[in-house]
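Here is a short report on one structure. Have the sequence and the 3D view open as you read.

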Amino acid sequence: VRNGIPLDDFYSVRSSSHDGSDPNNLRVIYHGRLAPQKQLSHIIDAVHLSGLSGTSCAVQFVGDGPEESKLRERAMAVGIAVDFTGWTADVAAALDSSDVMVLTSRYEGFGTSLVEAMAAGLAVCTYDAPSGPREIAGNGRFGIVAYEHSPRVVSQVLALLHADRQVLVHFRQEAVLRSADFAEESMLEGYRSMISAAASRTRRR
């Protein structure tokens, strides 16, 4: 049984802004620690390589950490405007104004931020990091998995999501469906099934 994640706040922010109706702007977000293992310069480089910039792509990093100054320098060096929001208690509100969550971690303990983004109705693109992200994305069914840890690969994903809004909407819809598997109610249902099965075996003895 998976540990359940409280997702009600993220489900409640889903709005018409997630219908993929703006063909001119792809809103990219990362939320979490700005830490070395997150390889967040890959997101900046991916946007640069995609050719999406300015009014065609908005990039937001929600969180704080030791890499912030380096990331600001990298963004300035390649000419990509990144909104460094800092830590916020209301991550759901930040996700509500975004289209796609990108996770470029070398490794993850699980990938809670990915599930939260999916619950909020965002498409997700994640590196195939050990433990969590590939399973969460259903090996590519519910989110896009980059098996090669490369900004070039992510740039191609971003360019596709910008060019083909049907693909973006598809992965948004799949993301919401998948997030329910990690919600607290799914955990409780799993435990109820286990208890019921154990009680049934005891009665048959």
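The side chain of Q60 makes a polar contact with the side chain of T85, at 2.7 Å. A polar contact is a pair of N or O atoms within 3.5 Å; within protein, one must be able to donate a hydrogen and the other to accept it, and residues adjacent in sequence count only if both atoms are side-chain atoms.

This is a predicted model: local features need pLDDT of at least 70, side-chain atom pairs count only at pLDDT 80 or more, and totals for chains, interfaces and linings use all residues. Residues are numbered from 1 along each chain as its sequence is written, and side-chain values use heavy atoms, with hydrogens and water left out.

**Around Q60**

Q60 sits in strand β2. Strands (E, at least two residues) and helices (H or I, at least four) are DSSP runs, numbered from the N terminus. Beyond its neighbours within four places in sequence, Q60 is in contact (heavy atoms within 4.5 Å) with several residues, including V28, Y30, D83 and T85.

Buried means under 20% relative accessible area, exposed over 50%, and partly exposed in between (1.4 Å probe, protein chains only).

| Residue | Relative accessible area |
|---|---|
| Q60 | 15% |
| F61 | 1% |
| F84 | 13% |

**Aromatic rings**

How many aromatic pairs does the structure hold? There are three. Rings of Phe, Tyr and Trp (its six-membered ring) pair if their centres lie within 6.5 Å; planes under 30 degrees apart count as stacked, over 60 as edge-to-face and the rest as tilted. F61 and F84 form an edge-to-face pair, 5.5 Å centre to centre with 85° between the planes. This pair links distant parts of the chain: F61 is in strand β2, F84 is in strand β3, and they are 23 residues apart. Ring pairs also join Y30, F61 and F84 into a cluster.

**Helix α3**

Helix α3 spans residues 68–78, and its L71, A75 and V78 are buried. Seen down the axis of α3, the buried residues fall within an arc of 80°, so they line one face of the helix. The arc is that of the directions from the helix axis to the C-beta atoms. These buried residues pack against α2 (41–50), β2 (57–62) and β3 (82–84). The face turned away from the buried side carries the exposed residues K70, E73, M76 and A77. Just after α3, G79 takes a positive phi of about 75°.
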